Every structure is written in structure tokens, then in C-alpha cells.
Amino acid sequence: MKSDKYKINFFPPPTDCYDFVKRDRITAPPVWCSVDLRDGNQALVTPMELDEKIEFFRLLVSLGFKEIEVGFPAASETEYAFMRRLIDGGLIPDDVTVQVLTQCREHIIDKTLKSLDGVKNAIVHFYNSTSKPQREQVFKADKAKIIGIAVEAAEMIKRRAPMYRTEYSPESFTGTEPEFALEVCDAVADVIRPTPDNKLIINLPVTVETSMPHVYAAQVEYMKKNLKRADSVILSSHPHNDRGTGVADAEMAMLAGAERVEGTLFGNGERTGNVDIVTLALNMLSQGVDPGLELSDLNNVISAYERLTGMKVPPRSPYAGSLVFTAFSGSHQDAIAKGTEHRRKNPDAKWDVPYLPIDPADVGRSYDGDVIRINSQSGKGGIAYVLERKFGFVVPKAMREDIGYLVKSVSDKKHKELKPDEVESIFEREYVNIAKPLELGAFTFDRSGDEILLSLRLKNDGRDAVFIGKGNGQFNAAASALKNAFSLDFETVLYSEHALEAGSGSRAAAYVGLKAGGRTFFAAGVDPDIMTASIKALIGAVDKILKNV
């Protein structure tokens, strides 16, 4: 690669315009304008058919978009027919404004305006390229000629369609000298003569990203401060993503004074795409700002988007990707599990769960299936989280490392992620109601003074036997019976129990850890009776000792 073949191809403002850096957050959403049906559609390998475009339009309306650029009606019969279908079919809600794009050429403007016959609310968006490379290489025109093209188009639209709102874009704005962009936009505004009650939209597109976002923000601020009719103009931002900073461009443009953003769902668009409106909106939500879009069922939005466009949302795409709320790392899982537990105890507190910038439930994601998933990189906390949230097992901390190593070793050997049911199956198989070589038959208790006497019937490798034990409690008596029967020396280092399910007929779970020969052996018991569950857990731990002595 030869770096010396490239040059800086952007133009900072002629004066310092950095007031935007004093603002650290966006406090209100912009006016959103979806350009999925124009920018997005023209970037598809196979553009949407008429019925697909109508379904996509309805999707955008359901999400709350009030301004939707529906296409370039003069570009093709499909585009024109789509506009007519929307109008003639009564498919445009009264509170939605459709936007159409046109070049600054008379016959194209005429056909565009004709496509709007009968529409209630419309924006006519006209543009011409103003950048230095386009002027010199494509149009071979001087600045006066470029201004003349824009002014002539403004005059035609003003004369022929005064009933519609108007938008002008100096295309390739970021490659245009700011002073010249200002001159062109002022010339257009002089023709349109907007007022504070009937504003002209001046759209400042990042047609191709050529600079870091702060440079674009400074260019926007320069326009905001210097437009002659600034009080009668809505500044709009239209970023693309060539440098991978389209979202940052839009956010910084809003800090610099942009009140409106044009973009697409999930960033679909030519080259690296348009700015992703979903990411922008949910960034606002994460800082307590209502974005004004309905994204609470993001999975269904993704499904419709992928089906209609043939595009895929990458698994690591912010907020929307299938893995973005998922933690495989043990330390991340542990922090999320503790954070969600803290939130359960403090439900009215502001959202502040580690590693989760927003609550996955706010966009329709499930904690059980989306947040913590298990593979060989997972930790004991994450595995315990899955067992508790999905199956009700509140595994004691002392037992979690043992289970964690076992589950991770299975994942490592299989070289795959383990689904929750697989994790639970491993836990059931290796810890719950272990019955070899010893299996519980029945037991009875009697009290003799301060002591409990236990008669414990077991099957030992299939043969029935009765063992007697005594202690200061039922569990201790059972432990004593097993120690005596098999000449075992163990210490109980863990005992825990809880109801596994609520309501009548619920089961109980008990957990036991026995230390013998320098190792600790863990087991669990499940039964409708809590004492039976406890003895099953005890026998399971003893079974493990017998297998390893």
C-alpha cells in the first residue's frame, strides 16, 4: 500500500466552530426520516418489488416514522407506480409525510411532481453535487454554474408545487468548501423564501465519509451559525458510513445543531451503508431519552427487514445483533448475574447493570435465551445463573466451581455451545439424586432424649440393607448412619435447601458437600419432601466418595 498517493480531501470551516464539544449528550430526539425505500432499496442486489415496498412502508409507519423518503419516482416505472399505489390506495396516514427525491432537471422534476397528485403531505427533495472533485471531474463546471443549477430547480419547484414542503441537499457536502456550500444553500433559500412557520429543510449529507466526525460537526455548526435564514431552516444530517463512523457523525451533527436525521434501519445503504437509525435511537434510550420510535419488538423488525431486503443483521450489530446481549466470558457472566440480582432487589433504581447498556427486555430480548450462554469460556456464575433462571436451582456458591469445571469440560470436548437444556441435563446426571452404588429406600426417625435415632433402608448395589444412626438432628443422624455403615470419615462442609417450585405439590432441592481425603464431593437431591431431598443429596455425595476411595 502506498500512503503517499492519498491526500486530505475535506475542508474544515474557515472559522473555529467547536461549540458542540461543550455539549456532552443529546437531550431530545431528532425528526427521523427513513430513506430505506430509496437509499436502502437502491443498494440491494435485488431491489424490492412493489408489494414488498408497500409492506416495508407499513413497517416504517408502525415503528413511528413520520417522514419517509419513498423513492425516486422519475427513476423507473416501479418507483412511479409505488408512489401512485400509496396515494391511490389511501395507504399514507394523515400524520405521515412522504418524501420524494429528484435531480435538478426539468423533465425529472415534472414527472416527480406528477407522481404526487392527490397526496396530502409531501416533501420534494432536490439535490445537485457541489463538491470540488465533482465540479472539476464530473460536471466540469465552475461554482457559478453549480449555483445556477440549484437555483433554477428551486424556482421550478417553487412555481409548480408551492403546496409541498421543500428540501435541498448540496450532495457531497463534506467534500465541498463550507463557504461555497453556504453560498449555494443561501441562494436556494432566497428562492424558496422559507419562514419560521414554513421552513426549508437544508440537508447536509455525508455522501462519502472523508473526515473524522468532529470535522463534520464543525461544518454543520458553521452552516447553523452563518445561514442567512437560519431561523427558517431545519438542518438535516444524512451520514454514510465509509469510515465506520456514521453514527458518530449523526450524533455530533445533532450536538452541532442538526434537528433532523435521515438514515435506514440497521444501516442498509450503498457501499458501507447509511447511518443506522436503530443504533442512534437506542443510544438515546440508553441515556434516558425517548427516541420516539417503537423498537420494543426488535426481533420481529429484524425478521421483516431480513425477509424483505435479503440483507442480514450481523450478530455483533449494536443492540440488534443476535449476540450483542450475550455473555460467554465467565467474568462478564458473573457481573451480569450479580447486577441483575441487585436490580431485582432494587427495581426502581436507574438501569446500571454491568455490560448491558440497556435492558434487553426493552427490545424484546429474553434473559434466558439471549443474555448468558454457555461454552468453554463460561464461568461458574453464568452456569449457576442459567440453572437458576431457567430451572429454579439456586446452586450454593461453594458448589459452583465444581459444576462450572464439569460443564465447561463438556463444552470444550464437544467444541460447541451448550444450550440451557444441555446444562441442566449435565447437572441432573452428575449431581441430582445419584443412586449408585447406594440408593435410598425408606427411613424413619425416633427421638430419644436430645438425640434423633434413624433407621435408614438402602439398596447397596441392588441388595437391601438397614443402617442405624443417631445425632442431634435428622441430617446428622443420617450422616452418622452412613459413616458407621461404610467406615467413612467425612465432614459436612455444605448444606443448603430451597423450594424448587412455588405452589402446592412443589418440590424441594437440597445441596450437600462432604469433605473426605482432602477433596470435597457435591451432590443434590430433589423430592416433594425436603428431608427426603436432603438425604438423597447426602447419599449422592457419599456415593461419589465410595467411587473415589
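User: A nonpolar core is a set of buried Ala, Val, Leu, Ile, Met, Phe, Trp, Tyr and Cys residues joined through side-chain atoms within 4.5 Å. Which residues touch the most other members of the largest nonpolar core?

Analyst: This is a predicted model, in which local features need pLDDT of at least 70, side-chain atom pairs count only at pLDDT 80 or more, and totals for chains, interfaces and linings use all residues. Residues are numbered from 1 along each chain as its sequence is written, and side-chain values use heavy atoms, with hydrogens and water left out. Buried means under 20% relative accessible area, exposed over 50%, and partly exposed in between (1.4 Å probe, protein chains only). Within the largest core of 130 residues, the members that touch the most others are F57, V70, L265, F266, L298 and F427.

User: Which helix gives the largest share of this core?

Analyst: Helices (H or I, at least four residues) and strands (E, at least two) are DSSP runs, numbered from the N terminus. With 10 residues, the largest share of the core comes from helix α7 (residues 178-192).

User: What does V70 contact beyond its neighbours within four places in sequence?

Analyst: Contact means heavy atoms within 4.5 Å. V70 is one of the residues that touch the most other members of the largest core. Leaving aside its sequence neighbours, V70 is in contact with L37, K53, F57, E79, F82, M83, L86, V98, Q99 and V100.

User: Is A217 buried or exposed?

Analyst: A217 belongs to helix α8 (residues 213-226). Beyond residues up to four places away in sequence, A217 touches F20, M252, A253 and A256. Because its relative accessibility is 0%, A217 counts as buried.

User: What distance does helix α15 reach from its first C-alpha to its last?

Analyst: The expected span of a helix is 1.5 Å times one less than its number of residues. Helix α15 (residues 397-414) has 18 residues, for which 26 Å is expected. Its reach is close to that value, at 26 Å.

User: Which elements pack against the buried residues of α15?

Analyst: An α-helix has 3.6 residues a turn, so residues three or four places apart point the same way. In α15 the buried residues are M399, I403, G404, V407, V410 and S411. These residues pack against α14 (380-391), α16 (420-431), β12 (491-499), β13 (508-516) and β14 (519-527).

User: What is the angle between the planes of F467 and F486?

Analyst: The two residues are 19 apart in the chain, with F467 in strand β11 (residues 463-471) and F486 in helix α17 (residues 474-486). F467 is buried, its relative accessible area being 15%. The ring centres are 5.5 Å apart and the pair is tilted, with an angle of 45°.

User: Which residue sits with its charged end over the ring of F490?

Analyst: A charge sits over a ring if NZ of Lys or CZ of Arg is within 6 Å of the ring centre and within 35 degrees of the ring normal. Over the ring of F490, at 5.0 Å from its centre, sits the charged end of K483.

User: What is the omega of the peptide bond from K436 to P437?

Analyst: P437 is in the loop between α16 and β9 (438-448). The bond that joins K436 to P437 is cis, with omega near 5°.

User: What is the phi of S487?

Analyst: S487 is in the loop between α17 and β12. With a relative accessible area of 67%, S487 is exposed. Its phi is positive, in a residue other than glycine, and lies near 50°.

How values were computed. Phe/Tyr/Trp six-rings, centres within 6.5 Å; stacked < 30°, edge-to-face > 60°.
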